Amino acid sequence: MTGRTWAIGVAGLGTVGGGLLNLLGERPAFAPAGGRTVVTGVSARSRSRPRPVDISGLTWFDDPVALARSNDIDIFVELVGGSDGPAKAAVEAALAAGKPVVTANKALVAEHGAELARLAEANGVPLLFEAAVMGGAPAVKMLREAMVGDEVEAVFGILNGTCNFILSEMELTGRPFADVLAEAQRLGYAEAEPTMDVGGFDAAHKITILAALAFGCAPTYAAAEVEGIDKITPIDIRLAKDLGYRVKLVASAERSGDGVSVSVHPALAPLGHPLAQTGGALNALFIQGRTIGRIFIQGPGAGAGPTAAAVAADIADVMTGAVRPVFQAPAETLQPFRRVDSGLRPTRAYVRLLARDQPGVLAAITETLAEVGVSIDSFLQRPVENAGGVPIVLTTHPAPEHRLFEAVRRMEGLAELIEAPRMIRIAPI
């Protein structure tokens, strides 16, 4: 491989695409195996859009599929985004033409990874996606390469920097979700249409990919349980902190004898835990191996530089000629994971209630919990200015999730409460 020049075609010239062109332009011989890279063709939605990188000397393709099929490129890099449409068509075209593909597209890999893996392996070419999860932090390589000698039992962490920034700012300033979201949009941390991030779907794409790598199964995005952060309030953040916790959006995948559970939801992490101490737009991940134990990764989850570096690392792998299955097992053997019934999963919970200031409130609450078999671990009653009632917070001992939800449903009907209870899981970390 030493001395070879690799022609790169890049579809998508946004933040990451521009960062990649700058990186390869400044360091064309970056790969340890030797050889050089040169971007020869590009494609994007608009040819005339102002860009921080000069593309005048590159061959322009209006259609990314035509770029993917071009005989003038050796490696196709897809940075268009989206689970279907031009991104999917271009990746399929490149793989069918026998060209290695590097992508940062988590939605594409999470929703169509199994079929793309079959196409890649049938044509004997790699499909690599380090930049799809945690930007520049090597989460994918850790599972795909470093952990192959162990059996991974679980992965969990913070996989969306937008949500982490919003929750951190809500805690720091005491402002409500909508205000901080608007600030995140002004700063460029959140999209104009933020649902993919704040609804938990971006993190669900990423944890779906990690679950497939960790457990050797097909990515099964449709089976993920997803809850976002839009219902988190400053009161919850303040009272959780009083109890020794910090609210985070936690993505997790765990394997048991019954199958695999994949979920994304707000959860409380103890203040001293590394997840609780991961602030701002950072990402963090724990990998639990049967033999190795826990490995912790933390780093920027987005941005031109870190994500472009992850794309470049995959390009370097192509240049070495490394060959391995896309998802740890041959694509033709991949099966969707068997979903575990989360209702049976033992879980501790934080429950916040807004009660009327009258006798009998505590008795009604404890009686309702006892009826469904949920016991109280700790209890906090603390006046909060302008709350409109008396906030009562309790944490539970572990109980099957279906019992916790049933307890909340029953408490919604209590005359002693002003509004419906708010339940947040306590992360089992």
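Q381 is partly exposed, because its relative accessible area is 44% and the class lies between buried (under 20%) and exposed (over 50%), taken with a 1.4 Å probe and protein chains only. Q381 sits in strand β14, residues 376-381; strands are DSSP runs of E with at least two residues, numbered from the N terminus. Between Q381 and H397 there are 18 Å in space, C-alpha to C-alpha, and the two are 16 residues apart in sequence.

The model is predicted, so local features need pLDDT of at least 70 and side-chain atom pairs pLDDT 80 or more, while totals for chains, interfaces and linings use all residues. Residues are numbered from 1 along each chain as its sequence is written, and side-chain values use heavy atoms, without hydrogens and water.

V226 belongs to strand β8, residues 225-226, and counts as partly exposed at 31% relative accessibility. Together with M196 and F201, V226 makes a nonpolar surface patch of about 230 Å². Such a patch takes residues with over 30% relative accessible area and no salt bridge, nonpolar side chains being joined within 5 Å.

The second largest pocket has a volume of about 460 Å³. Of its 24 lining residues, S252, E254, R345, A427 and P428 are the closest to its centre. A pocket here is an open set of points on a 1 Å grid, with protein on both sides within 12 Å along at least five of seven lines, and lining residues have an atom within 4 Å of a point. Strands β7, β9, β10, β13 and β17 each supply at least two residues of this lining. By type, the lining holds 12 nonpolar, six polar and six charged residues.

Technical notes: Patches are made of residues with over 30% relative accessible area and no salt bridge: like charges are joined within 9 Å, nonpolar side chains (Val, Leu, Ile, Met, Phe, Trp, Tyr) within 5 Å. Accessible areas come from the Shrake-Rupley method with a 1.4 Å probe; for residues, only the protein chains shown count as cover. A salt bridge is a side-chain nitrogen of Lys or Arg within 4 Å of a carboxyl oxygen of Asp or Glu. Helices (H or I, at least four residues) and strands (E, at least two) are DSSP runs, numbered from the N terminus. On a 1 Å grid over the protein atoms alone, a cavity is a set of points where a 1.4 Å probe fits but cannot get out, and a pocket is an open set with protein on both sides within 12 Å along at least five of seven lines; lining residues have an atom within 4 Å of a point. Grid points are joined across faces, edges and corners, and a volume is the space filled by probe spheres set on the points. Ala, Val, Leu, Ile, Met, Phe, Trp, Tyr, Cys and Pro count as nonpolar, Asp, Glu, Lys and Arg as charged, and the others, Gly among them, as polar.
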